[in-house]
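Try each task before you read its solution.

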Amino acid sequence: MDRGLDIVDFHLHFRIGTDETIHACEDAAGMHPGGEHERAVRAAGSAPYAKAWRQAWSFPDPEPPAPRWQDEADRWADELRAVGVRRAVFVTGGGNDTVADVVDRHPDLLLGFAHHDPYSPGAAAELERAVTERGLRGLKLFAPLLRGPLDHADLDPLWSTAQRLGVPVLIHIGHYGSAGGLSFGRYGGPDELARMARRFPELNVVVPHFGVQHVQDLLFAAWGCPNIHVDTSGSNQWVRWMPYKLTLEDLFRRCYETIGPQRIVYGSDSSWFPRGYVTRYLDDQLRVCRELGMPDDHLRTIFAGNAERLLGLTDRPAENPGAGPRAASRPGRK
Ligand SMILES: [Zn+2]
């Protein structure tokens, strides 16, 4: 496989049975207000949308994850080598230690993020442990599932810890999940994100999927805060639910012309087999960028360099200047 480009993927999910970490957050956020009955009715009503999406993208039905996480991890390693992706970040994976174990199995290929509840007691200390003792490289959270605001003082120790360690925080804002997902969040809107990012100017904040329906607010937040980045991951099928025409090309063009290539981070959101690595997203995004006439150095920045800078990967020279991680202050990093 030769794309003429080195690829580092900032955004994948490792499936491991039921992810209890994320499930607990979903329940606390009121994602399943009516118990089993409500869940079943909603799932039945949403199934046609999910089926239509899989058909539109020629995706097979998902199969359950391998019973042994080691097998699932090995399958991912084979898959990444087969499709020519050099490094890949699992932003969730059944808890911090679990995802750290997955990464330790293939440290040349895989990286992982902490993804514990930011409002849990000792969340800042847990991030520090996950980074310095387990080698995780960032923090992932879903703002619609938060139990309190992103910019509340209770979370300041968490943000200041991430800032001091020089690790990025990947914060999903907007519609959570796809068909049948959570369209609302009590907390964690784009205003909270912008206020938080402003108070922690050296904290690298990355917002996935171009901010989903908050794309306009995200562009303005990124204008005001040079520490805010966007990640490009997923099918970005949400553009079909906007009340005006919006395409993947529009998203790339707007972000490229305004935010610029140094803060656009490639991701695929790959997560399940037999679909495996979603080369289709990579190929579509790369085609869009090439058709927009981006020079090679900007392509290298978007599809590998920015992720490497944010993750503190030192095995290659930085592609571009910018706020790099304070690697020396991460004693336990692997
Ligand atoms: Zn994701």
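The exercises below concern a predicted model.

**Exercise 1. Find the order of the strands in the five-strand open sheet, and name its edge strands.**

Step 1. Follow the pairing across the sheet. The order is β4-β5-β6-β7-β8.
Step 2. Check the direction. The pairing is parallel.
Step 3. Look for strands that pair on one side only. These are β4 (139-142) and β8 (264-265), the edge strands.
Step 4. Zoom in on one pair. Strand β5, residues 169-172, is joined to strand β6, residues 205-207, by two bridges. Here L170 stands opposite V206 of β6.
Background: strands of a sheet pair through backbone hydrogen bonds, in either a parallel or an antiparallel way.

**Exercise 2. Describe the surroundings of strand β2, then follow the chain from β2 to β3.**

Step 1. Locate β2 at residues 87-92. Six of its six residues are buried, and the strand is mostly covered.
Step 2. Take one partner. Strand β1 (residues 8-13) pairs with β2 in the parallel sense, over four bridges. L12 stands opposite F90 of β2.
Step 3. Take another partner. β2 is joined to strand β3 (residues 110-112) by three bridges, and the two run parallel. The bridge partner of F90 in β3 is G112.
Step 4. From β2 the chain passes through helix α4 (residues 96-105) and reaches β3. This β-α-β crossover is right-handed.

**Exercise 3. Decide how helices α7 and α8 are oriented, and list the residues of their contact.**

Step 1. Get the geometry. Helix α7 covers residues 190-199 and helix α8 covers residues 215-224. Their axes come within 10 Å and cross at roughly 10°.
Step 2. Apply the cut-off. Angles under 35 degrees count as roughly parallel, so α7 is roughly parallel to α8.
Step 3. List the contact. α7 gives P190, L193, A194, A197 and R198. α8 gives D217, L218, A221 and G224.
Step 4. Sort these residues. Six are nonpolar, one is polar and two are charged.
Step 5. Look at burial in α7. P190, E192, L193, A194, M196 and A197 are buried.
Step 6. Find what the buried residues of α7 pack against. The partners are α6 (156-165), β5, β6, α8 and β7 (228-231).

**Exercise 4. Is L80 buried or exposed, and which residues does L80 contact?**

Step 1. L80 sits in helix α3, residues 69-83.
Step 2. Set aside neighbours within four places in sequence. L80 is then in contact with V85, A88, L109 and Y277.
Step 3. Compare sequence and space. L80 and L109 are 29 residues apart along the chain, with their C-alpha atoms separated by 7.9 Å.

**Exercise 5. Is P118 buried or exposed, and which residues does P118 touch?**

Step 1. P118 lies in the loop between β3 and α5 (123-132).
Step 2. A residue is buried if 20 or more other C-beta atoms lie within 10 Å of its own. P118 has 28 of them, so P118 is buried.
Step 3. Leave out residues up to four places away in sequence. P118 then touches A123, L141, L146, L155 and L158.
Step 4. The C-alpha atoms of P118 and C25 are separated by 10.0 Å, with the two residues 93 apart along the chain.

Terms used. Residues are numbered from 1 along each chain as its sequence is written. This is a predicted model: local features need pLDDT of at least 70, side-chain atom pairs count only at pLDDT 80 or more; totals for chains, interfaces and linings use all residues. Two strands pair if DSSP finds at least two bridges between them. Axes are lines fitted to C-alpha atoms, for helices over the stretch in contact, and angles run from 0 to 180 degrees between N-to-C directions. Angles under 35 degrees count as roughly parallel, over 145 as roughly antiparallel, 65 to 115 as roughly perpendicular and the rest as oblique. Two residues are in contact if their C-beta atoms, placed from the backbone, lie within 7 Å. Ala, Val, Leu, Ile, Met, Phe, Trp, Tyr, Cys and Pro count as nonpolar, Asp, Glu, Lys and Arg as charged, and the others, Gly among them, as polar. A residue is buried if 20 or more other C-beta atoms lie within 10 Å of its own, exposed if 12 or fewer, and partly exposed in between; C-beta atoms are placed from the backbone. A crossover is right-handed if, with the strands pointing away from the viewer, the path from the first strand over the helix to the second runs clockwise.
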